[in-house]
Protein chains: 2
Amino acid sequence: MIWKTEPPNMAERKRRAVREELGEVALRLLAEHGFEGTTIDQIAHAAGCSRRTFFRYYKSKEDVILEVLNDLGDFVLDVLRSRPADEPPLDALRAALQAAVPVMTGNARKSAALIRLIFASPALRARYLHRQLDLEAALAAELAARQGAPADDLALRLTAAAALKVQDLVLPRWAEDDGRADLSALLDDAFALLKNQRA
Amino acid sequence: MIWKTEPPNMAERKRRAVREELGEVALRLLAEHGFEGTTIDQIAHAAGCSRRTFFRYYKSKEDVILEVLNDLGDFVLDVLRSRPADEPPLDALRAALQAAVPVMTGNARKSAALIRLIFASPALRARYLHRQLDLEAALAAELAARQGAPADDLALRLTAAAALKVQDLVLPRWAEDDGRADLSALLDDAFALLKNQRA
DNA sequence: CCGTCTGTGTCACCGAGTGTCAAACATTGC
DNA sequence: GCAATGTTTGACACTCGGTGACACAGACGG
């Protein structure tokens, strides 16, 4: 075959379908019985496959949950890249994070459940924070690149951290009432607060 | 016995000694073979006790390492409490974190090894971040209490987060060369940078 | 000398993950 | 239609972190 990857004929499609199904079932069970209260056996069995197969689609139990927010992080990073280079860093970050809002409010109940799940489980939360750290570094690197600063510039890193912190403080409050509040407004308020910060 | 806890005669002393020994051995082995590359069996055996006994002294493998920084966090919180209430929040935080510096520079090589260990292991790092989050909340609550603000004040939470972030960005750089740099100066520089942050 | 209390080791167990292997399956070439 | 081929899957065995149960030892007071 010359095009080893070109035809996602049936194979790739089925793979995606199984993965989707597995993720769906997992999220439902985890939200219902809690992260620690759900075993992989239960998830696999409920999805109609073996435990071993679960691990062929997801690296770990945490992965099923964190993957969603992971993709969202990549999306935010992409949006940041598309922003004008002369925009002040914090404004660019705010805009990038705002771009992710519709994705969450799109299916608000599910997103809220996911966030609540993460914030309720220490193990999950810890992994999530670690992921946020990577995102923070990537955002800071992008900000640095667009204005010719060194990639590990401390000031930009602090700015990126502050922006993500704003998000992390707002999200759980939004998730607490199943995403009925105006997430976009909450974010803007918090960013305004941040901008008025004076030592 | 009327004084059930009063005489830490032999029992408590031995307990502390065993715990100390266990922690010492663990830190050495973990620093040598990495966090994932060291099993609890190895630690327990090297310390001359059974695996079960290890867990009677430490809740988990992560606990052996994180305990130290945990205590340090409590110390920082205590220092913050002793600061004048009218001091600007960020200055108070800087002073509190500076107070922890001598503790680390006291035995710099060991502290640096510990920090490198944490930052090298994803699992450990994730747990560490979670701990920092608790500390952040506690610091923010203290700042709020001293100036009569609500305990979950967003602005103060952001300030506490920024201060801890400064520390977390400086520490690995300091640890990279075995703690030979001037940690106190590095911290002050970073805090100065933070203070000059304008959106 | 006898109960009791505490620390310890042994054993059995669970759940997350991983490597291996053989069977099942679909795909392709003839 | 059939054989060769490659991929997906399930079954099994194993490691490691962590927990509960129980039995045994020694220190202590009566």
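Around DNA strand C lie 18 residues, of which A:Ser60, A:Lys61, B:Ser50, B:Arg52 and B:Thr53 come nearest. Two or more residues of this surface are given by each of helix 2 (40-47) and helix 3 of chain A, together with helix 1 (11-33) and helix 3 of chain B. By class, the residues near DNA strand C comprise 6 nonpolar, 5 polar and 7 charged. The model described here is a predicted one.

The surface near DNA strand D is divided into 6 nonpolar, 4 polar and 7 charged residues.

The two protein chains also touch each other: 24 residues of chain B are in contact with 24 residues of chain A. On the side of chain B that touches chain A, two or more residues are given by each of helix 7 (122-146), helix 8 (154-176) and helix 9 (183-195) of chain B. Helix 8 of chain B provides the largest share of that side, with 9 residues. In terms of class, the side of chain B that touches chain A consists of 16 nonpolar, 3 polar and 5 charged residues.

Within chain A, helix 6 (residues 108-120) packs with helix 8 (residues 154-176) at an angle of about 120°, and the axes of the two helices are 9 Å apart. The crossing in which helix 6 of chain A passes helix 8 of chain A is left-handed. Helix 6 of chain A takes part through A:Ala112, A:Ile115, A:Arg116 and A:Phe119, which meet A:Leu171, A:Pro172 and A:Ala175 in helix 8 of chain A. This contact of helix 6 with helix 8 in chain A is made up of 6 nonpolar, no polar and 1 charged residues.

In chain B, the loop between helix 7 and helix 8 contains B:Gln147. With 11 other C-beta atoms within 10 Å, B:Gln147 is classed as exposed, because a residue counts as exposed when 12 or fewer such atoms lie within that distance. The separation of B:Gln147 from B:Pro122 is 25 residues in sequence and, from C-alpha to C-alpha, 37 Å in space.

Methods. Residues numbered from 1 in each chain as written. Chains lettered and ligands numbered in written order. Predicted model: local features only at pLDDT ≥ 70, side-chain atom pairs only at ≥ 80, totals over all residues. Nonpolar A, V, L, I, M, F, W, Y, C, P; charged D, E, K, R; others polar. Contact = placed C-beta atoms within 7 Å. Helix = DSSP H or I, 4+ residues; strand = E, 2+ residues; numbered from the N terminus. Axes fitted to C-alpha atoms, helices over the stretch in contact; angles between N-to-C directions. Left-handed = near helix turned anticlockwise from the far one by under 90°. Buried ≥ 20, exposed ≤ 12 C-beta atoms within 10 Å, placed from the backbone. Near = placed C-beta within 6 Å.
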